[in-house]
Every structure is written in structure tokens, then in C-alpha cells.
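Please read this report with the chain open beside it.

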Amino acid sequence: MFSWYDFPSAEKHNKMIFVCYGDPTQCPYAGYMVKNLFDDPEFLEFAKENLVLAYDVVPNGKNYSGSPSGYLLNSAGEKIASISGFGQNSYDKWMTFVKIWTGKAENGVYVYEDGDFVNYGVSAN
């Protein structure tokens, strides 16, 4: 549980929490994440409807493996899933990740292959 955060709006609105880490001043990949994910109107609209966002800049001198990283938490702050690494072409991967875990992805079976999610369009339903 991420007890150092308090997200009353997550519980009030029954939304998942998306906590991301990375220092865009020290890590070019964190810079890609900020520029390509957090500055993207589609992602921001999706987040507004489905998530509570938290962004924590990793302090200088601290080494976090996998930075930048994202953690999806339930409304009580319990970790559900995580994703790490953000390159120049990672927007679709991260966007699909949050859509799958929030139940907003298109129906189908998603498999993570060769650095991306692939929807095989087959569902057990």
C-alpha cells in the first residue's frame, strides 16, 4: 500500500490511482513520459474520467530501477499493477495498460509481445 499518499477523491469517486515516478530533468525517458503522456489531450481526458493522477519526481541522487515507472492502485491505495520504461514510442503501451486495468479497453485478449500490447480480438465472454 502507498500509505504516504492520501487520495480521498479516489475513494469518493471509486477511481483507480495512477502514480508515476521519474525525473524529466535527469532522465530523457521520464521527459518522454511527461511530454508524450501527461501533455497528451487524449490521455488527460481519459484520466479525468477514470483515474486520479499522481506524479512524483524522483529526487536527484536517488536511484529507482525502471524509472520512469507507473503504478496502478485501487481506491484504497493497494497496488494492482505496474509498468516501467518509457521511450519515444511508448505512448500506446502505457495508454493500453491503463485502459486494460480500468476496464476501458476494447474487448479481447491482450498479450504483451515485442514491447507492445496486442489485442487478438478473442474474448471468453
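**Basis**

This is a predicted model: local features need pLDDT of at least 70, side-chain atom pairs count only at pLDDT 80 or more, and totals for chains, interfaces and linings use all residues. Residues are numbered from 1 along each chain as its sequence is written, and side-chain values use heavy atoms, with hydrogens and water left out.

**Fold**

The protein chain has four helices and six strands. These are DSSP runs numbered from the N terminus: helices are H or I with at least four residues, strands are E with at least two. Their order from the N terminus is α-β-α-α-β-β-β-α-β-β.

Of the 125 residues in the protein chain, 37% are buried. Buried means under 20% relative accessible area, exposed means over 50%, and partly exposed lies in between (1.4 Å probe, protein chains only). The protein chain exposes about 7,600 Å². Carbon and sulfur atoms supply 47% of that area. Areas come from the Shrake-Rupley method with a 1.4 Å probe; for residues, only the protein chains shown count as cover.

Contact means heavy atoms within 4.5 Å. Among contacts between residues at least 6 apart in sequence, 57% join residues at least 24 apart.

**Nonpolar cores**

A nonpolar core is a set of buried Ala, Val, Leu, Ile, Met, Phe, Trp, Tyr and Cys residues joined through side-chain atoms within 4.5 Å. In soluble globular proteins, nonpolar side chains tend to be buried together.

The largest core here has 19 residues. Those with the most contacts inside it are F18, L37, F43, L51, W94 and V98. The elements that give it two or more residues are β1 (16–21), α2 (28–38), α3 (41–50), β4 (79–84) and α4 (91–101). Helix α4 provides the largest share, five residues.

F43 shows the packing in detail. Beyond its neighbours within four places in sequence, F43 is in contact with F18, L37, F38, L53, Y91, M95 and V98. A second, separate core has eight residues, including F7, A10, A54 and L73.

**Helix α2**

The buried residues of α2 are A30, M33, L37 and F38. They fall within an arc of 70° seen down the helix axis, so they line one face of the helix. The arc is taken from the directions from the helix axis to the C-beta atoms. Their cover includes β1, α3, β2 and α4. P28 and K35 are exposed on the other side of α2.

**Salt bridge and cysteines**

A salt bridge is a side-chain nitrogen of Lys or Arg within 4 Å of a carboxyl oxygen of Asp or Glu. The count is one. It joins the side chains of E42 and K99, at 3.8 Å from N to O. E42 lies in helix α3 and K99 in helix α4, so the pair ties together parts that are 57 residues apart in sequence. Both E42 and K99 are partly exposed.

A disulfide is a pair of cysteine sulfur atoms within 2.5 Å. The count is zero. C20 is buried, and C27 is buried as well.

**Single residues**

V52 is in strand β2 (residues 51–56). Leaving out residues up to four places away in sequence, V52 touches F7, S9, A10, K15, M16, I17 and F18. The C-alpha atoms of V52 and S9 are separated by 7.5 Å, although the two are 43 residues apart along the chain.

S69 sits in strand β3 (residues 69–73).

N14 is in the loop between α1 (8–13) and β1. Its phi is near 50°, a positive value in a residue other than glycine.

Accessibility values for the residues discussed are listed here.

| Residue | Relative accessibility | Class |
|---|---|---|
| C20 | 0% | buried |
| S69 | 5% | buried |
| V52 | 13% | buried |
| C27 | 15% | buried |
| K99 | 24% | partly exposed |
| E42 | 45% | partly exposed |
| N14 | 65% | exposed |
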